[in-house]
Amino acid sequence: MTREVAGGLLRAPVVPSRPTARGWGDPSAPPPWRAHVVGVVGARGGAGASSLAAALARATSTTTATALVDLDGGCGGLDVLLGLEGADGVRWPDLADARGDVDGDDLVALLPRWGATAVLSADRARPHPPEPAVVADVLHALSRTVGVLVLDLDRSRVVAGESVAAVCDTVLVVAPRDLRATAGALALRHVLDVPGADVGLVVRGPAPGGLGAAEVAEAVGLPLRAVLPVDRRLAAGTEHGGIPGTGPFIRAVRRLAAGLLR
């Protein structure tokens, strides 16, 4: 799908939506139905937020239409993590003209698929971040089309207050069990304190210094949503064709997903 075709299908000359504190559009209007929006952000670099976002999207796609959106453009593209870098479909650079009342059904049809999950990824060959207005309109369209929208958030933008974290129903902060990640989670606290949002901590990995998951949660002042076990197959799988579909990591993520959507 070429950039011109994507832009022609999705562009509409109407007043675009803008994100508000808890959603998109006019805050004075009755809130329309929309997807459950889950944002995932790492407490530090290398925390595994992208892997968790992808696994969550795959888990929820078994029960409802799900889209996974890459908002961490500096990481070379979520499609690479999923083994989709050669798959046909549009990426963020193809949507530069997707403004206004974007048709969500058309958009989902243009995206590459990872199993049942529609994936909107950055593009390593065109590493230019989308304009904030384009992001708002595209996410608005997706949120009116799918049941669950999982966002792989850019940590630096979240810290700066420039991300769409404020429109998420659920935000998960992923923290390895070390002091640097604990400090990073603390740095996120003030920008994630959004009324009505469910913000929780997901702790993962080994504890080189013996730091426990409950200790991390207490230190950062966030409820502990899950503890993800070490899974050697995860690292191997992401290097050889994508995240594996089985193993202790995947089982823990499925339990997390079921709890979020109850």
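The side chains of D198 and R225 form a salt bridge, with an N to O distance of 2.5 Å. A salt bridge here is a side-chain nitrogen of Lys or Arg within 4 Å of a carboxyl oxygen of Asp or Glu. This pair links distant parts of the chain: D198 lies in strand β7 (residues 198–204) and R225 in strand β8 (residues 224–228), 27 residues apart. Strands (E, at least two residues) and helices (H or I, at least four) are DSSP runs, numbered from the N terminus. D198 counts as partly exposed because its relative accessibility is 28%. R225, at 33% relative accessible area, is also partly exposed. Buried means under 20% relative accessible area, exposed over 50%, and partly exposed in between (1.4 Å probe, protein chains only).

The model is predicted; local features need pLDDT of at least 70, side-chain atom pairs count only at pLDDT 80 or more, and totals for chains, interfaces and linings use all residues. Residues are numbered from 1 along each chain as its sequence is written, and side-chain values use heavy atoms, with hydrogens and water left out.

The structure holds eight salt bridges. One of them joins D178 and R44 at 2.7 Å, N to O. These partners sit 134 residues apart, D178 in the loop between β6 and α7 (179–192) and R44 in the loop between β1 (36–42) and α2 (49–60). Another pairs D123 with R126 at 2.8 Å, N to O. D123 is buried, at 13% relative accessibility, whereas R126 is partly exposed at 22%. Salt bridges with shared partners join D94, D123 and R126 into one network.

T170 belongs to strand β6 (residues 170–176). T170 counts as buried because its relative accessibility is 2%. Its side chain makes a polar contact of 2.9 Å with that of H36. Such a contact is a pair of N or O atoms within 3.5 Å; within protein, one must be able to donate a hydrogen and the other to accept it, and residues adjacent in sequence count only if both atoms are side-chain atoms. Beyond its neighbours within four places in sequence, T170 is in contact (heavy atoms within 4.5 Å) with H36, V37, V38, G39, D198 and L260.

The largest nonpolar core has 49 residues, and L149 and L151 have the most contacts inside it. Its largest share, six residues, comes from helix α5 (residues 132–143). A nonpolar core is a set of buried Ala, Val, Leu, Ile, Met, Phe, Trp, Tyr and Cys residues joined through side-chain atoms within 4.5 Å. A second, separate core has 34 residues, among them L56, L81, L82 and L228.
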